[in-house]
Amino acid sequence: MAQHNLTLTVNGDPTTVTVPSHYTLLQMLREKLALTGTKNGCAAGECGACTVMMDGEPVNSCMVLAAECDGARIDTVESLAQDSQLDPIQEAFIETSAVQCGFCTPGVLISTRALLDRNPDPTEAEIREAIVGNLCRCTGYLSIIKAVRKSASTRAEAEV
Ligand code: FES
Ligand code: FES
């Protein structure tokens with residue numbers, strides 16, 4: 001089976017990894033790099049549990065071939081907390097009870113991060129649009145929307 005030697009940046013770290021041709025980015029992260037925070041919900045591009053950032057844009061990692069990631073910058077949920085300190089987005093999700101079973105949470109956190117990076121003050125409609133690809137069976141989404149709003153205001157306060 002053909003193998004690919006890849007050089008990329010994962011969560012800020014220069015990384016080299018060898019993967020079979022058929023491996024997805026999701027498989028590479030979980031099975032080759034032991035980054036199991038990114039979840040496999042459907043492996044079919046439907047649920048968003050596998051969302052990571054690729055060159056600053058959220059993608060369903062189950063739908064991206066690992067071989068396409070040579071030279072890319074990949075950021076996963078593990079990039080959010082720094083030195084055991086949770087990111088304000090993670091704090092906001094805890095404070096608003098937007099985490100229940102938690103399976104969707106890594107993907108939702110990454111979609112939130114991507115939204116706030118490009119739009120620091122989103123409307124509710126913009127928040128709903130940003131997380132439309134992230135299915136959650138537990139929360140009913142209202143607490144997630146509240147968490148994204150809280151994340152945005154915390155970020156704004158931090159920049160004052
Ligand atoms: S696991 Fe990728 S979209 Fe569901
Ligand atoms: S918290 Fe359970 S699926 Fe979202």
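Biologist: Does T112 count as buried or exposed?

Modeller: In this predicted model, T112 lies in helix α3, which spans residues 105-118. Leaving aside residues up to four places away in sequence, T112 touches I89, F93 and V148. Its relative accessibility is 1%, and because the limit for that class is under 20%, T112 counts as buried.

Biologist: How many disulfides does a search of the whole structure find?

Modeller: A disulfide would need a pair of cysteine sulfur atoms within 2.5 Å. For C69, which is in no disulfide, the nearest cysteine sulfur is that of C50, 12 Å away. Across the whole structure, the number of disulfides that the search finds is zero.

Biologist: In β2, which residue is the bridge partner of L6?

Modeller: Strand β1, residues 3-10, and strand β2, residues 13-20, pair in the antiparallel sense over eight bridges. The two form a hairpin with two residues between them, and in the turn N11 has a positive phi of about 50 degrees. Within this pairing, the β2 bridge partner of L6 is V17.

Biologist: And in β5, which residue is the bridge partner of V10?

Modeller: Strand β1 also pairs with strand β5, residues 73-75, in the parallel sense and over two bridges. There, the partner of V10 is I74.

Technical notes. Residues are numbered from 1 along each chain as its sequence is written. Chains are lettered from A and ligands numbered from 1 in the order in which they are written. This is a predicted model: local features need pLDDT of at least 70, side-chain atom pairs count only at pLDDT 80 or more; totals for chains, interfaces and linings use all residues. Side-chain values use heavy atoms; hydrogens and water are left out. Two strands pair if DSSP finds at least two bridges between them. Helices (H or I, at least four residues) and strands (E, at least two) are DSSP runs, numbered from the N terminus. Buried means under 20% relative accessible area, exposed over 50%, partly exposed in between (1.4 Å probe, protein chains only). Contact means heavy atoms within 4.5 Å.
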